[in-house]
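Please consult the sequence and the structure shown here.

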Amino acid sequence: MEYFLDNYIKKPNFDFILTIDCEGYNFDKNLKNNVLNLERLLKLNSENNIYTLLFITPFFAKMMNELNLIENIKRNYKVIFGLHIHPNNLPESIEKLCPFIEKNEDLIANYSYDEQKTIIKHCYEYISKLGIEPIEAFRGGYFSIDDNTEKILAELTPIKYESHNIYRPQYKVTKNILTSLPVYAENENEELRLEYFNIEKLSKILNKGILENKKLFGITHSYLLDPNDFHYKRDKIELDIHERMNLLISIINKYR
Ligand SMILES: [Zn+2]
């Protein structure tokens, strides 16, 4: 199958794609409010000719479906779909099929090959059945992925790409069975993440990437979509991700 990303990565000039980890109840304490604010960010990006790559968990897909958003966003915005998995935060229908899952185990790569296979199969089927397709890429929760994960994805699903901060210790890929689209990062802590850092530092990271003429994959999280979400106060984040994205767009547009 021909994907958007196949052609995209071949283009010679710098470009920016915003990736969003679309989580679920583990981080989205008010999942509905965050999903209801998704369209606003997609609209802002699309109007500025920026694609948004949504890494979606089963719980997030379920809420999107309940709010009738799936067909709507496919029709109206520049979106690409990816699969996101936190093994210890799955709907009951999947959990029942994975009795080996441990409550305190966040990382998919800490499971055996056969266990990962069961988790991935059911998560992939769950979100594609809701109409989330094509699914072009994968991102593990906390950037967890290893060679088994990649092998399984390549065998069981049409996914061809993975996107992680490759400097994190949880990124354990050695064979690159999938094509890597790394989050733009200098090291394990400094990455092009919308909600990290003050605006000055964030702009500096973006400018550096643009001057390197790279395909820049930025990252943010669904639990910040609602500007009133508790994470803003708790983590003392100034300016919400919509406002921060707006600032990045003004920089990107200067170079285009
Ligand atoms: Zn996540």
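Which residues does Asp240 touch, not counting residues up to four places away in sequence?

## Asp240 and its surroundings

The model is predicted. Asp240 touches Leu224, Pro227 and Tyr232, when residues up to four places away in sequence are not counted. Asp240 is placed in the loop between α10 (230-234) and α11.

Asp240 has 20 C-beta neighbours inside 10 Å and therefore counts as buried, since 20 or more such neighbours are required for that class. The C-alpha atom of Asp240 is separated by 15 Å from that of Leu36, a residue 204 residues apart from Asp240 along the chain.

## The parallel sheet

An open sheet is formed by 7 strands, and their order is β8-β6-β4-β3-β2-β1-β9. The pairing in this sheet is parallel.

Glu162 has Ser180 in β8 as its bridge partner.

## Strand β1 and its partners

Strand β1 (residues 15-22) has 7 of its 8 residues buried, so this strand is largely enclosed by the rest of the structure. Its pairing with β9 is in the parallel sense and extends over 7 bridges. In that pairing, Ile17 stands opposite Phe217 of β9.

Strand β1 is also joined to strand β2 (residues 51-56), with 6 bridges between them and both running parallel. Here the bridge partner of Ile20 is Leu54 in β2. In a regular strand, side chains alternate between the two faces of the sheet.

## Helix α4

Within helix α4 (residues 58-66), the buried residues are Pro58, Phe59, Phe60, Ala61, Met63 and Met64. The elements that cover them include the strands β1 and β2, and also the helices α2 (31-36), α5 (70-76), α6 (92-95) and α7. Just after α4, Asn68 adopts a positive phi of about 55 degrees.

## Packing of α7 with α8

How are α7 and α8 oriented to each other? Helix α7 (residues 113-129) packs with helix α8 (residues 147-156) at an angle of about 45 degrees, and their axes lie 10 Å apart. The two helices are therefore oblique to each other. Their crossing is right-handed.

On the α7 side, the contact involves Tyr113, Gln116, Lys117, Ile120, Lys121 and Tyr124. These residues meet Asn148, Thr149, Ile152, Leu153 and Leu156 in α8. By class, the contact residues divide into 6 nonpolar, 3 polar and 2 charged.

## Packing of α3 with α11

Helix α3 (residues 38-47) and helix α11 (residues 241-255) pack with their axes 10 Å apart, at an angle of about 5 degrees. Angles under 35 degrees count as roughly parallel, and α3 and α11 are therefore roughly parallel to each other.

The contact brings Arg40, Leu41, Leu44 and Asn45 of α3 to Ile241, His242, Met245 and Asn246 of α11. These residues divide into 4 nonpolar, 3 polar and 1 charged.

Definitions and conventions:
Residues numbered from 1 in each chain as written. Predicted model: local features only at pLDDT ≥ 70, side-chain atom pairs only at ≥ 80, totals over all residues. Axes fitted to C-alpha atoms, helices over the stretch in contact; angles between N-to-C directions. Helix = DSSP H or I, 4+ residues; strand = E, 2+ residues; numbered from the N terminus. Parallel < 35°, antiparallel > 145°, perpendicular 65-115°, else oblique. Left-handed = near helix turned anticlockwise from the far one by under 90°. Contact = placed C-beta atoms within 7 Å. Nonpolar A, V, L, I, M, F, W, Y, C, P; charged D, E, K, R; others polar. Pairing = 2+ DSSP bridges. Buried ≥ 20, exposed ≤ 12 C-beta atoms within 10 Å, placed from the backbone.
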